[in-house]
Amino acid sequence: MPDGISVWSFVVIAILVALSAFFSGTETAFSSLSKVKVKSMMEENNKRAAIAMSVYEDYDRAIAAILIGNNVVNIGSSAIATTICTVAFGASGAAISTIVMTIIVLIFGEVLPKALAKSNSEAIAMAVAPILYVYMKILTPLTFFFSMLIAGVNKAVSRNKGEQPSVTEDELKIILEEIEDEGVLNEHESELMQSALDFTQITVAEVLTPRVDLVAAEENDSAEKIRNFFLDEGFSRIPIYRKDMDHILGVINSKDFFRVYLNDPHDIILDDLLQKVIFVPPKKRVASLLKEMQREKIHMAIVTDQYGGTIGIVTLEDMIEEIVGEIWDENDVEETEFVAVDEHNFVVNGDMNISDMFEQFELPEDEDMDVNTVGGWVQMTLDRMPEVGDTFTYETLTVTVKEIDGQRVTKVAILWEPEELEE
C-alpha cells in the first residue's frame with residue numbers, strides 16, 4: 001500500500017457508504033409507507049409503529065434530516081476517496097475517484113437500498129423509526145430551518161390550489177382494482193366498494209320507476225280493486241292519486257290495508273291509511289335522498305318535473321340496489337337486461353341503464369347525453385320515434401331496434417366489433 005494511505009481510510013469509506021445506504025433506504029421506506037397499515041399496527045399497541053407514524057406525520061423535517069445526512073456522508077466518502085486516489089495515481093486520481101465512487105454510491109448507496117426499502121417499506125420503517133426520531137431531534141435547528149423553507153415554497157406554489165386530499169376518489173377506485181388483482185378483495189367485495197363510491201354521483205332520474213310502469217290507485221277506487229292491485233302486482237306499497245297521477249296524495253301499505261280489510265272491507269277509509277311521501281326533482285342525488293327518507297322514515301318518493309307533473313317514483317329498495325345489486329323477492333319476475341348471444345352479439349333491454357351498458361362494452365359515456373336508458377339513447381340518436389329494424393352505429397357498436405311496445409323501445413340487438421378485431 002502506498003505511503004500516506006491507511007487501511008482505516010477504506011474502513012471509513014465503507015462506513016460512509018453504509019450510512020448513505022441507510023439514509024437512501026430510510027427515505028424510500030417512509031415515502032412508500034402505507035399510513036393505513038401503520039395505523040392498524042398502532043391499534044395493536046405496536047410502539048415502533050407509533051414512532052414511525054410520528055416521523056411520517058412530520059415528513060418535511062424527516063426528509064430534511066435524511067437529505068442532510070445523505071449529502072454529508074456522500075461528500076465525505078468522495079473527499080476521502082479523492083485523497084486516496086490522488087496519492088496513488090497523481091493528477092489523474094480525482095477523475096478515477098469520481099468514477100469509482102459514483103459507481104459504488106450509485107449501486108450500494110442508492111439503487112440497492114432503495115429497491116429493498118420499496119418492497120419492504122413497513123418493516124424497514126419500523127426498524128429505523130427510533131433511530132431517525134432521535135437523529136431528527138439532534139438536528140432540530142437545521143431541520144426546522146429547512147422544514148420552514150419547504151413549507152414556504154409549498155405555500156407559494158400551491159397558493160391558488162387550496163389543500164388537496166391525499167387520495168382522490170378516482171385514485172381510490174384504482175387502488176381497489178389493484179388490491180382486487182392482488183387477491184386482498186374478491187370480485188364481489190370490490191364491486192360493492194366501487195358501487196358505494198359511485199353512489200354519491202347517482203341522480204334520482206337514473207334509478208326511478210317511470211310513470212308508464214307505475215301501479216297506482218285512485219282515491220275513489222273500491223277496496224276490492226285495491227285488494228286486487230296488491231295481490232296481482234305483489235307490491236307492498238301503492239301510491240294513491242286524485243283524478244290523475246300528477247296529483248299523488250300518498251301511499252298505502254299492504255299490511256295496514258289488509259289489517260282493516262280482513263276485519264271488514266267496508267271499514268276501509270283510504271285517508272286514514274295514507275302515509276306521506278316526499279316530492280323530489282329528477283336531478284337530486286340519491287345519497288342525499290336516502291338520508292332524507294331515513295330521517296323522515298318513509299319508503300317512497302315521488303319524482304316530479306319542473307311543472308309538478310309526476311315523472312315516476314323511487315323507493316328505498318331502488319336506491320339500495322345501486323350498491324348491492326338487484327334484490328329479488330318471491331313476487332319479482334327476474335329479467336335479464338343484458339344477454340350475450342355469442343362473443344359479439346348481444347340483446348339488451350330498453351330499460352337498461354345506459355351507463356351500465358357502456359361499461360359492459362368499455363366505452364366512454366358522453367357527458368352531454370341527457371338520457372338514462374338504452375331506449376332513450378336509441379330515440380335520442382335516431383332523433384325520431386324508433387321503429388323495429390332501425391339501425392345505427394356508435395363507436396364499436398351496431399345497434400338494431402328489435403322490439404317496441406307502443407312508443408317505447410323494449411329490446412335492441414347489438415353487434416359489437418371491438419377495435420382490436422377491426423385491426
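# Charges and buried threonines in a predicted model

Thr28 has its place in helix H1. Welcome to a short tour of this structure, which is a predicted model.

**Threonines of helix H1**

- Thr28 counts as buried, because its relative accessibility is 11% and buried means under 20%.
- Not counting residues up to four places away in sequence, Thr28 touches Lys114, Ala117 and Lys118.
- Thr26 is also found in helix H1, which covers residues 7-31.
- With a relative accessibility of 1%, Thr26 counts as buried too.
- Once neighbours within four places in sequence are left aside, the contacts of Thr26 are Ile66, Val128 and Leu132.

- Lys114 is partly exposed, at a relative accessible area of 28%.

- How many salt bridges does the structure hold? There are 12.
- One of them joins Arg211 to Asp246, with the closest N and O atoms 2.4 Å apart.
- This pair links distant parts of the chain, 35 residues apart: Arg211 is in the loop between strand E1 (209-210) and strand E2 (217-218), while Asp246 is in strand E4 (residues 244-253).
- Arg211 is partly exposed at 29% relative accessible area, and Asp246 counts as partly exposed at 31%.
- Another salt bridge forms between Asp213 and Arg408, whose closest N and O atoms are 2.6 Å apart.
- Asp213 lies in the loop between E1 and E2 and Arg408 lies in strand E12 (residues 408-416), so this pair ties together parts that are 195 residues apart in sequence.
- Asp213 counts as partly exposed at 34% relative accessibility, as does Arg408 at 24%.

**The negative surface patch**

- Which residues form the negative surface patch? They are Glu187, Glu191, Glu322, Glu337, Asp356 and Glu359.
- Helix H9 (187-199) and helix H15 (354-360) are the elements that give two or more residues to the negative patch.
- Glu322, a member of the patch, lies in helix H14, residues 316-324.
- The relative accessible area of Glu322 is 30%, which makes this residue partly exposed.

Notes. Residues numbered from 1 in each chain as written. Predicted model: local features only at pLDDT ≥ 70, side-chain atom pairs only at ≥ 80, totals over all residues. Heavy atoms only, no water. Patch = residues over 30% accessible without salt bridge, like charges linked within 9 Å, V, L, I, M, F, W, Y side chains within 5 Å. Areas by Shrake-Rupley, 256 points an atom, 1.4 Å probe, with all protein chains shown as cover. Salt bridge = Lys/Arg side-chain N within 4 Å of Asp/Glu carboxyl O. Lys, Arg positive; Asp, Glu negative; His and termini not counted. Charge placed at Lys NZ, Arg CZ, Asp CG, Glu CD. Helix = DSSP H or I, 4+ residues; strand = E, 2+ residues; numbered from the N terminus. Buried < 20%, exposed > 50% of the residue type's maximum accessible area, 1.4 Å probe, protein only. Contact = heavy atoms within 4.5 Å.
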